[in-house]
Amino acid sequence: MNSDGSAAPISALNRDQIRELLTQVLAAQGKDLPAGESAELAAIGFRSLDFSELALRVEDEIGRELNFDAPGLRTIRTVGDVLDFLTELQDPA
């Protein structure tokens, strides 16, 4: 816990935690996240703005900015791709 009473950011989110944030982003629009990871983003109505919101939520949770480029985003097609991308982006080793 920080001195201001807020929770200290965690260093990274795991795949399940990112999936929960993705569920919240979609639920705010009345959409459901399919159980599997092979669902195409276009089929579930996940747009680039949704990705931006999800990335911001991840940044809020980990307390730092994520740096990603457009070519990396163009490879994302499925729910699993989103989870892979954001998981790897937190640990660019």
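User: How many aromatic pairs does a search of the whole structure find?

Analyst: The search finds three aromatic pairs. Rings of Phe, Tyr and Trp (its six-membered ring) pair if their centres lie within 6.5 Å; planes under 30 degrees apart count as stacked, over 60 as edge-to-face and the rest as tilted. The model is predicted: local features need pLDDT of at least 70 and side-chain atom pairs count only at pLDDT 80 or more, while totals for chains, interfaces and linings use all residues. Residues are numbered from 1 along each chain as its sequence is written, and side-chain values use heavy atoms, with hydrogens and water left out.

User: What makes phenylalanine 51 and phenylalanine 68 an aromatic pair, and what is its geometry?

Analyst: Their ring centres are 5.5 Å apart, against a limit of 6.5 Å. The planes stand at 90° to each other, and the pair is edge-to-face. Phenylalanine 51 belongs to helix H3 and phenylalanine 68 to the loop between H3 and helix H4 (70-74), so the pair ties together parts 17 residues apart in sequence. Helices (H or I, at least four residues) and strands (E, at least two) are DSSP runs, numbered from the N terminus.

User: Why is the pair of phenylalanine 68 and phenylalanine 85 called edge-to-face?

Analyst: The planes of these two rings meet at 75°, with the centres 6.0 Å apart, so the pair is edge-to-face. It links distant parts of the chain, with phenylalanine 68 in the loop between H3 and H4 and phenylalanine 85 in helix H5, 17 residues apart. Phe51, Phe68 and Phe85 form one aromatic cluster.

User: How do you know whether phenylalanine 51 is buried or exposed?

Analyst: Buried means under 20% relative accessible area, exposed over 50%, and partly exposed in between (1.4 Å probe, protein chains only). Phenylalanine 51 has 7% relative accessibility, so it counts as buried. Phenylalanine 85, at 15%, is buried, whereas phenylalanine 68, at 32%, counts as partly exposed.

User: Which residues touch the most other members of the largest nonpolar core?

Analyst: They are Phe46 and Leu86, in a core of 24 residues. Such a core is a set of buried Ala, Val, Leu, Ile, Met, Phe, Trp, Tyr and Cys residues joined through side-chain atoms within 4.5 Å. Helices H1 (15-27), H2 (41-44), H3 (48-62) and H5 (79-90) each give two or more residues to this core, and H5 gives the most, with six.

User: Which residues is phenylalanine 46 in contact with, leaving aside neighbours within four places in sequence?

Analyst: Contact means heavy atoms within 4.5 Å. Phenylalanine 46 is in contact with Leu22, Leu26, Leu41, Phe51, Leu54 and Val82.
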